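Subject: Structure for you to look over

Dear colleague,

I am passing on the structure we spoke about, and my notes follow it. Please read them with the model open beside you.

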Amino acid sequence: MEQLIRVKYSKEEPIRYISHLNLVQVFTRAIRRANIPVVISCGFNPRFRISFGPPLPLGISSSSEYLDIRLKKRIKTEELVDRLNRVLPKGLKILEAKIIPSSADSLVKVIDRASYLINLKSRGSLLNLEDDNGKSKLKELEREIDKDIKNFLRLEEIMVEKSTKKGVKRMDIKPSILDMSVKKIQHQFLELNLSLNMGQEGNLNPQYVIKAWLSHFGNNLDIKKICRYGLYIKGKEVMED
Amino acid sequence: MDINIKKILFEELLDKVEKPGRYTGKEYNEIIKREKKSTIKVVLAFPDLYEIGMSYLGFKILYEIINKRDDALAERIFSPAVDMENLLRERQIPVFSLETYRALNSFDLVGFTIQNELCFSNILNLLDLGGIPLRSTARKEEDPLIIAGGPGTFNPEPLSYFIDLFVIGEGEEIIGEIIEVYKRWKEKKQSRSKLLEKLGHLEGVYIPSHYNVDYLEDGKVKSITPKKEAYHSVIKKRIISNFDQVFYPLYPIVPNIDVVHDRITLEIFRGCTRGCRFCQAGIIYRPVREKSVGTLVKLADEILAHTGYEEISLSSLSSSDYSEIERLITQLVDRFKEKGVGVSLPSLRIDTFSVALAQQVQRVRKTGLTFAPEVGTQRLRDVINKNVQEEDLYSSIRAAFQAGWRKIKLYFMIGLPTETDEDVEEIIKLVNKVDRMGREIMGRKININISVSAFVPKSHTPFQWEAQEARKSLSKKIGYLKDRLNGRNISFSYPDIDHSYLEAVFARGDRRLGEVLERAHYLGCKFDAWREEFKFEAWQQAFVDSGLSMEFYANRILEDNEILPWEHISCGIKKEYLLKEKKKALKGETTPDCRFDSCTSCGVC
C-alpha cells in the first residue's frame, strides 16, 4: 500500500548556502542512504517521488520547510524521521512527520503565505545606550520605525529592479507584501517580521522588500540574516492543516 | 594567527560570494578528527575550484587513507574563486581548510594534487594566499613541507623552485611512508634539511633541491646530477602491485553542491596498453592492473550504502578493455536497478562491442554517445597508433544510430605530427558522412557535437620529441573547420590555442621556467585553464622579463639524443621503446596492444 508522508524540516548553517536544486539532490541521496522505500517514477529517467514546498532562496535559513515523500511500503513516521536524521548532512534536520491522504494537493499548490524574521545590523549604534534614558529612547525609536514601515506599506506601488537571465526587470512588489512590523530592537540590531503572499504568481524573495524599505527608510542598516519561520495554508501552519 | 576564520567566513564573507557552498565544508562523510599535539596535520590542496577538485579520485583516496591513521589527519583546501580571493586579500585572511577553517600554513604537510600544466600558477597563488613563502629556499623550519603528486608531476621541473618534494607515481602506499618519516623527524626536532635527506631515500620521492641542472649554450639541458652520491640518480615511479586489494575509499564525501563528476567512481583498472602515441596517461599509468568483478561489486555495494549516489561510473582509460566487462555490467545493472541507481561507462573505444555495452547501461534516455576518431584519415590514424580502422568507425556509429542514439559526440585532434591540409579536409568529409548516415537511418537530422583539441607534446610519450604546430597555423585550421562545419545540427567546440600553447611550453619545460612562473604570478596569472581568467599577454610579458622563449619549449623538435628535462624521472617505460615508437609513427607503422598481441618491450613489466 502506498503512503504519503509530509515531513517538516529545518535548513540551517551551512546548508542555507546551497540552492534549492542542490537541496533536492542532497535529500535524494540521504533518502537512498537511509534505505527509505520511496516510490520510483517509471519513465526515461527514474526519479524518487518526493516533492518539495516553495524553494527557499540561497542564503536564507528556515525552521519550517516541508517535503512530501511517497512510500511504496508503510513505515512508522518516527522511524522515518529517525532514519533520515541519522544520514542528513549538517544543517538539515527533520522535525516531524505525519501521514497525509495519498491524494493530497502538492505543497506548492496549497501554501499561500510565508513568514520571515529579518535581522538587520546598524553600521553604527542605533542610539546611545549609555544614556540613562536608553530604554525610553529605544521605545521612541521603535515607534518611529513602525511609523516608517506603515508609510512604506501605504505607498501606492513599490517598484524594484530584478535582474533575470533576460536582463533587468522592473516590478511592483507591493501586492506580495502582507505584513511587516518591528519584532525587536537593540542598540545595534533591529529584527523585523515580514509576511509575504506565496503562490501561483511566483514567490518573492524577502530581500527585495527589505532592500526597498531600506532605500526608503535610508538608514545605515545591513541585512545580517533572514530566517523563514512559517509556511501557511489558509491561515494555518502547514502541519496543522 | 589569532583571527577566527570561521566566524568571519560565516558572518561576513559567505553572503558576498557566488556559490558560497564551495567554502562551507560539513558535507556528508567529511572527517573532522580529534587531534593530539603529536597528530601530523596534512592538508590536501587542490589548485582549482571545489567543483573540480572534489571530482578527482586520487584526492578521495588520500583523504581516507590519511584519516584512517591514528597519528595523522587530512583536511581539504581548494583554490578560492576570484570573488572569494579578493575578499580574503582585502581582509588579510589566509586561505583555509574546509574541515576546521585552519590556515594553510598551520599544517605540517601540504600535499598538492597536480593534474596538468594549466594549474601551475594556481599553486603559487595558493601558497601566497596561505602565507607560505613561494620558494623552497625561503621557507623556515615552522613552514609546512610542500609536497606535490599526481599525473602532472611526471615532468616536475617547472615547479622545482616551489615544491619541496614530489611524489612520482601512485600515492596509496608512499603517503604512509612519508608520514612515518615525518613523525620520527618531528619527535627528534631536527632541521628541515635533515627531513629532506631522510625522505629522499624513499622510492618514488624526488627532491628537486638535491639535484643540479646545467644547460648548454643553446638552451638545452647539459646535465642533471644529484648533489650527493647517496641520492637516486633516477627516480622511479611508485606502482601498486596488488591493485585488486589496494585501499579504496569507501566513504567518499558527498558534496552539497554540483561538482563535475558527482557520482560513485569505480576504478575498474589502471593503465592502458593501447599505445596511442600522443597519450601520456596511456604510458604513465602502466602496467595494466584490474580489480576483480567480485571486488568491484562489493565496493559498489558499500560505497552506495555510504553515499546514496544515483550513478556508478566505471572509470578507467578504456572501459571496454576490462577483461570481464560484460559480466561486471550485468551484475551491477541487475543489482542496483531496483534502487534507481544507474551505471555509466565513460571512455569507450570505437567498436560495435562498445556500442552494445553502452546500450546495456544506458537508462533509456539516449543522452549521446562519444566517439574519438581523433583524425580524418586512416594514414594519420596509423601514425598516432589509434588502432581503429575506418570501417570499424563507421560500423560502430551506424550501430549507435540503429540502437536509437540521436546525438553523437566526435573528438578530433589537430596539429599532430605529419598532419597535412588533406587530413584536416577529411575531418569535414568524415563528419558529413556521419551526418548523412544518421539521417538515412533515423529518418531525420541527428545532432553532432564536435570537439576539437590541439596536439600538445607531453613528456614520456613517443611524441615527446615532436613540436607543437605554430599558433597561427593551428588557429587557421580551427577557423577553417569552424567555417565548414556550420550545419544547424552540428555544434563545434574548440580550444583557445593560447591555452594549448602555454600547456605545451610547460609540458616540456625545464627548471628555468620557475622564474617565469613566479613572474607570471606577480603579474596576476591564475586559473589558466579558465577562459575568463586567462591572461595570455601577462604570460608573454613574463617570458620576455625572464629572457626565455616560449617557442623554444613548445615549437621545437627535440633531438633523439638530447637530455630531456625529465630525463631523471622514470615511469618505467624505456626511452628506446618511446624512440622506436616515434620512428614507427613517422613511417606510418602501427604497434598492436600487448594484451592481444606480442610484448612490445616497453619495459614496465
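**The parallel sheet of chain B**

Strand β13 (residues 311-315) of chain B is joined to β14(B) by 3 bridges, and the two run parallel; helices (H or I, at least four residues) and strands (E, at least two) are DSSP runs numbered from the N terminus, and two strands pair if DSSP finds at least two bridges between them. Within this pair, Ser313(B) stands opposite Ser344(B) in β14(B). The strands belong to an open sheet of 3 strands in the order β10-β13-β14 (chain B), with parallel pairing. Its edge strands are β10 (264-267) and β14 (342-344) of chain B, each of which pairs on one side only. From one strand to the next the twist averages 25°, where axes are lines fitted to C-alpha atoms, for helices over the stretch in contact, and angles run from 0 to 180 degrees between N-to-C directions.

**What kind of model this is**

This is a predicted model, in which local features need pLDDT of at least 70 and side-chain atom pairs count only at pLDDT 80 or more, while totals for chains, interfaces and linings use all residues. Residues are numbered from 1 along each chain as its sequence is written, and chains are lettered from A and ligands numbered from 1 in the order in which they are written. The model scores ipTM 0.92 and pTM 0.94. Chain B averages a pLDDT of 95, and 99% of its residues score at least 70, pLDDT being the predictor's confidence in each residue, from 0 to 100.

**The mixed sheet of chain B**

A further open sheet has 6 strands in the order β2-β1-β3-β4-β5-β6 (chain B), and its pairing is mixed. Because β2 (72-78) and β6 (205-206) of chain B stand at the edges with a single partner strand each, one side of each is left without a neighbour in the sheet. Helix α6 (residues 174-188) of chain B packs on this sheet, touching β1, β2, β3 and β5 (165-167) of chain B, and its direction makes about 135° with that of β1(B); two residues are in contact if their C-beta atoms, placed from the backbone, lie within 7 Å. Strand β1 (residues 40-46) and strand β3 (residues 109-113) of chain B pair in the parallel sense over 4 bridges, and Leu44(B) stands opposite Gly111(B) in β3(B).

**Glu419 of chain B**

Glu419(B) lies in the loop between β16 (407-414) and α14 (421-442) of chain B. Is Glu419(B) buried or exposed? Glu419(B) counts as buried because it has 22 C-beta neighbours inside 10 Å; a residue is buried if 20 or more other C-beta atoms lie within 10 Å of its own, exposed if 12 or fewer, and partly exposed in between, with C-beta atoms placed from the backbone. Leaving aside residues up to four places away in sequence, Glu419(B) touches Leu380(B) and Ile414(B).

**Chain A**

Chain A contains 5 helices and 11 strands, and 26% of its 241 residues count as buried. Its C-alpha trace spans about 65 × 40 × 30 Å along the principal axes.

Strand β5 (residues 113-122) of chain A runs antiparallel to β9(A) and is joined to it by 9 bridges, with Arg113(A) opposite Asn197(A). Strand β8 (residues 177-185) of chain A is also antiparallel to β9(A), through 7 bridges, and Met180(A) has Leu194(A) as its bridge partner. Between β8(A) and β9(A), which form a hairpin, there are 3 residues.

Helix α1 (residues 20-33) of chain A has 14 residues and reaches 20 Å from its first C-alpha to its last, close to the 20 Å expected at 1.5 Å a residue, the expected span being 1.5 Å times one less than the number of residues. Its buried residues include Leu23(A), Val26(A), Phe27(A) and Ile31(A). What covers the buried residues of α1(A) includes β2 (50-52), β3 (61-71) and α2 (77-87) of chain A, together with α9 (293-307) of chain B.

**Where the chains meet**

In total, 21 residues of chain A are in contact with 23 residues of chain B. The side of chain A that touches chain B has 11 nonpolar, 5 polar and 5 charged residues, where Ala, Val, Leu, Ile, Met, Phe, Trp, Tyr, Cys and Pro count as nonpolar, Asp, Glu, Lys and Arg as charged, and the others, Gly among them, as polar.
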